[in-house]
Amino acid sequence: MSKPKNPWDQGNPDRLYILTTGRASTDKDLRLDLVTLIVARSETDPGLQPEHAAIVRMCDYPLSVAEISAYLTLPVSTVTVLLTDLLTNDQVEARPPVPVAALPDVRLLEAVMHGLQNL
Amino acid sequence: MVGTGSSHQGRRPASALIWLVPPVVLAVCTVTAAVLVPLGARSPVAWCGTAATVAVALTSSEAVRRGRIIDTLRRRCAEQEAAFRHRLVQQEIETRRLARELLPAAVNLLQQGASADEVLREVRPLTPLDPSFEAAHRSVLRSVVEAVQAEEGLRDSAHRAFVNIARRVQAIVHQQATDLREMEDRHGNDPDVFGDLLHLDHGTALIGRLADSIAVLGGSRPGRQWKNPIPLYNVLRGAMSRIMDYRRVDLHSVADVAVTGPGVEPLIHALAELLDNATRYSPPQTRVHLTAVEVQSGVAVEIEDAGVGLTDEARRRTDAVLELADRGLDLNDLGETPRLGLAVVSRLAKTYAFRVSLRPSAYGGVRAVLIVPENLITASATPGGEIARAATLPPPKPRKKPGRPLPPPPELDQPTEESDGSGGLPQRRRRAPGIPSRAARQAAAAAAGRPPRRRSPAAEPPPQPGLWLAAFTSAVNGEEPTTDSRGPFSDESSDKEE
């Protein structure tokens, strides 16, 4: 990770803790995964913090948390905190990427496999 | 003195005749006696009388001569006394002038950087004096000048040492901040480590501010230099990031302007010091309000706290500190608990022509207003509402174009294209394609099925990077673009979903 690649070092006096007012993680049980898809639920609001506004703007189309993090060049934890703010204000909506319950249980598969082997 | 002298002069002809009186009287007496005595005694009487007359004449003339000598002596003495007194008065004046005018002037010249010899040449007594007295004066002056110069040199070297140390600390802090930023990126997935890193980052910023303060007071410039204009919003946040209690600062409306590169760091630093004062001298549960509005002569940044406020005496003191900042860092003034803040602010204000005033606030606390002059203000790089976007967020769209045709949000592109053509309309239009797609997405979320979602991007107009890339490849393959465009696009979108 070299310096010129990072747009923050070329001219931004903000530090990351300012964006999230010092919060590094959220205590809420809102589970935001790297691949959780985020969709905006409202238009951007002029009163929003610019980062929030940018997320809302770019999430008009569903984007994963990892993608948002990459486009904003912000660490995932920061993005997660920003997203949590937006989620509590109902400005975006989080959607689990793959419905885990729809996948077969691993233990069941193993049991089937063992059963087949035992035949 | 003069009066007695003149009386001597007036008496002189009289005294010249006076000595003749006794011998004449004696001569008359002798003659009378010689006439009166019998003839036989006449000759001895005449002799005796003549001898006595001569003796008296001699004595009397001698007395008068001595009297005259005494007169001249007395006159000379008086003249000398007058001369001495005159000299004394002159020396007194000169000594007083040395104390009241020459020494301060000499010290002033020294503080302006003149050498000791120059100062001694400049500073001369008005009236010519005794060589010995003047030499004594010069030696007094010289020793004072040399002492002051030695002290100035000491202070200077102390300043330089201060600034030097501050520079080194600044360099380390800057490196540390860069490293921390990299670490924050690297460990962004782990909230615990990330939280600790943010904490360290904050601490480092505080150290950096202290080093900057010392550098500024030492007559140097504050830490970093910025090349490009920075939006004022980010400058204010940069100032917030350097104080202890940044969580208590509410950033309200900010004028949509940018600060030119050279003005960024001083402004950040001055505001950070003012914010630090505001948060430090107000109760911890109160908020500090930070706003920035455009005014006639530039931009006014207001910091308002709900603290204890300023008494008249405290205000006079702060005004005095704000006034006399050009003396720089005086080590003696620092004392046990150095209060650097306002001195730093006023120093920066003087250098960069900020105007700072501290007044009572309507909340009961202090309202600090810092006016940034117009020459440090420039138009924001991204006009029209997107306050800090240029510096904070890279535009998502162009970055995606070259390499991966994966998930570009088409809505982001459309409004910018449309806003070029017409002023107010794009907002309304953006909603039009947005609503059905969102509805479709919600339906998709409910059903967890793919077809509706696939339909929604298809329903949206096609300016997607994926599309034109697909069109390009299909054109390379010699196929007709319009018929095949749907195929690769739907493939990609399904790829994306998985």
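Two strands are taken to pair if DSSP finds at least two bridges between them, and strands themselves are DSSP runs of E of at least two residues, just as helices are runs of H or I of at least four residues, both numbered from the N terminus. The model described here is predicted, so local features need pLDDT of at least 70 and side-chain atom pairs count only at pLDDT 80 or more, while totals for chains, interfaces and linings use all residues. Residues are numbered from 1 along each chain as its sequence is written, with chains lettered from A and ligands numbered from 1 in the order in which they are written.

Strand β5 (residues 298-304) of chain B is joined to β7(B) by seven bridges, and the two run antiparallel. Within this pairing, B:V301 faces B:L370 of β7(B). Strand β6 (residues 355-360) of chain B also pairs with β7(B) (residues 366-373), again in the antiparallel sense, over six bridges. Here B:L358 stands opposite B:A368, and B:S357 stands opposite B:V369. The strands β6(B) and β7(B) form a hairpin with five residues between them, and B:G364 in the turn has a positive phi of about 100 degrees.

The side chains of β7(B) alternate along the strand. B:V366, B:A368, B:L370 and B:V372 point to one face and are buried, where buried means that 20 or more other C-beta atoms, placed from the backbone, lie within 10 Å of the residue's own; 12 or fewer makes a residue exposed, and values in between make it partly exposed.

Strand β3 (residues 257-259) is joined to β8(B) by three bridges, and B:V257 has B:A379 as its bridge partner in β8(B).

Leaving out residues up to four places away in sequence, the residues touched by B:V259 include B:P229, B:I230, B:L232, B:V372 and B:I377, contact being counted when C-beta atoms placed from the backbone lie within 7 Å.

Helix α2 (residues 21-36) and α3(B) pack at an angle of about 175 degrees, with their axes 8 Å apart; axes are lines fitted to C-alpha atoms, for helices over the stretch in contact, and angles run from 0 to 180 degrees between N-to-C directions. This makes α2(B) roughly antiparallel to α3(B), given that angles over 145 degrees count as roughly antiparallel, under 35 as roughly parallel, 65 to 115 as roughly perpendicular and the rest as oblique. Residues making the contact include B:L26 and B:T30 of α2(B) and B:V45 and B:T53 of α3(B). Helices α9 (residues 312-323) and α11 (residues 341-352) of chain B pack at about 45 degrees, with axes 8 Å apart, and are therefore oblique to each other. B:T318, B:V321 and B:L322 of α9(B) meet B:L342, B:A343 and B:S346 of α11(B).

Chain A has five helices and three strands, following the pattern α-β-α-β-α-α-β-α along the sequence. Of its 119 residues, 44% count as buried. Helix α2 (residues 50-58) of chain A is largely enclosed by the rest of the structure, because nine of its nine residues are buried; among them are A:H52, A:I55 and A:M58.

Finally, B:G113 lies in the loop between α3 (39-111) and α4 (116-122) of chain B. B:G113 counts as exposed because it has 9 C-beta neighbours inside 10 Å. Between B:G113 and B:Q149 there are 36 residues in sequence and 9.3 Å in space, C-alpha to C-alpha.

Note on methods
Contact = placed C-beta atoms within 7 Å.
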